[in-house]
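Subject: Structure for you to look at

Hello,

Here is the structure I said I would pass on. My notes on what was found in it follow below.

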Amino acid sequence: MIMRLIYQGELEMIAPHLIFDRRDIMGGQKIQIVHLQMVKDTEIVYGREDMGNPRKAAKFVKDFLGDVDRECLVVCATDTRLHPVYLQVAGIGAINYCPVSIPDIFKAALLSNAADIILFHKHPAGDASPSTEDILITERVMKAGGLLGIPLLDHTILGDRGHFYSFREESSLFTSR
């Protein structure tokens, strides 16, 4: 028996040659045909400036986050002109940590064809100095971004009263790029 697998007509258009003998697929078990898409929650107003200026980017994301009382990690994907494509809250933690996985950071970047990403996270205690964990996640994201072809442009920690720490400006992690 030959079975043609079609998901909302897309599979047939994309790959009409995909015709399977059901007995050849894991003893006749069914497999799912899926697709992924991004869903826009809302929009915010953004000027015409690029995200290449850490001070302006930090202010933009600080305004977006407001006065959160816990650590939040925000991913900003950019196009080739460093204009933001999207903002995503990829992790919400507690007062002194924010668990987040590398796949969660890059999932939307891959779906949106992002050229680069910038990470932002808020230190609710107010001190923008990076912790050991902040340095480690920055290194991991840089490595993963290099493998995926979506480089990490910066990781900015937001503190109180407009203070921020830009890894790109203040750390040796980005000097080898």
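Which residue in β4 is the bridge partner of valine 74? The partner is valine 89. Before going further, please keep in mind that this is a predicted model.

Overall picture

The protein has five helices and seven strands, and from the N terminus on they come in the order β-α-β-α-β-β-α-β-α-β-β-α. Of its 177 residues, 38% count as buried. Among contacts with a separation of 6 or more, 60% are between residues 24 or more positions apart. The average pLDDT is 82, and 77% of the residues score at least 70. Residues 1–9 have a pLDDT below 50, and this stretch makes 19 contacts in the model beyond near neighbours in sequence.

The strands

Back to the pair in the opening question. β3 and β4 are antiparallel and are joined over seven bridges. Five residues lie between the strands of this hairpin, and leucine 82 there takes a positive phi near 65 degrees.

β3 also pairs with β5, again in the antiparallel sense, over six bridges. In this pairing valine 75 has leucine 119 of β5 as its bridge partner. β5 in turn runs parallel to β6, and six bridges join them.

Is β5 enclosed or open? Seven of its seven residues are buried, so the strand is largely enclosed by the rest of the structure. In a regular strand the side chains alternate between the two faces of the sheet. In β5, Asp116, Ile118, Phe120 and Lys122 point one way, while Ile117, Leu119 and His121 point the other way. Both sets are buried, the charged Asp116 and Lys122 included.

Helix α2

Helix α2 covers residues 54–65, and at 1.5 Å a residue its 12 residues should span 16 Å; the end C-alpha atoms are 16 Å apart, which agrees. Its buried residues are Pro54, Ala57, Ala58, Phe60, Val61 and Leu65. They cover an arc of only 160 degrees around the axis, which puts them on the same side of α2. An α-helix has 3.6 residues a turn, so residues three or four places apart point the same way. On the other side of α2, Arg55, Lys59 and Asp63 are exposed.

What covers the buried residues of α2? The cover includes β3 (72–78), β4 (84–92), β5 (116–122), β6 (152–158), β7 (164–166) and α5 (167–170).

The two ends of the helix each have a detail to look at. At the start, a side-chain oxygen of asparagine 53 comes to within 2.9 Å of the backbone nitrogen of arginine 55. After the helix comes glycine 66, with a positive phi near 70 degrees.

Threonine 78 is in strand β3. Its relative accessibility is 0%, so threonine 78 counts as buried. Not counting residues up to four places away in sequence, threonine 78 touches Met51, His83, Pro84, Val85, Ala114, Ala115, Asp116, Ile118 and Leu153. Isoleucine 117 is 39 residues away along the chain from threonine 78, but their C-alpha atoms are separated by 6.0 Å.

With a relative accessible area of 1%, threonine 156 is buried. Leaving aside neighbours within four places in sequence, its contacts are Ala58, Leu119, Phe120, His121, Phe164, Tyr165 and Ser166. Ala58 is also one of the buried residues of α2. The side chain of threonine 156 makes a polar contact of 3.4 Å with the side chain of aspartate 154. Proline 130 lies 26 residues from threonine 156 in sequence, and the C-alpha atoms of the two are 9.2 Å apart.

Threonine 138 is in helix α4 (residues 132–148). At 0% relative accessibility, threonine 138 counts as buried. Leaving aside neighbours within four places in sequence, threonine 138 is in contact with Leu152, His155, Phe167, Leu173 and Phe174.

Regards

How values were computed
Residues are numbered from 1 along each chain as its sequence is written. This is a predicted model: local features need pLDDT of at least 70, side-chain atom pairs count only at pLDDT 80 or more; totals for chains, interfaces and linings use all residues. Side-chain values use heavy atoms; hydrogens and water are left out. Helices (H or I, at least four residues) and strands (E, at least two) are DSSP runs, numbered from the N terminus. The expected span of a helix is 1.5 Å times one less than its number of residues. Buried means under 20% relative accessible area, exposed over 50%, partly exposed in between (1.4 Å probe, protein chains only). The arc is that of the directions from the helix axis to the C-beta atoms. Contact means heavy atoms within 4.5 Å. A polar contact is a pair of N or O atoms within 3.5 Å; within protein, one must be able to donate a hydrogen and the other to accept it, and residues adjacent in sequence count only if both atoms are side-chain atoms. pLDDT is the predictor's confidence in each residue, from 0 to 100. Two strands pair if DSSP finds at least two bridges between them.
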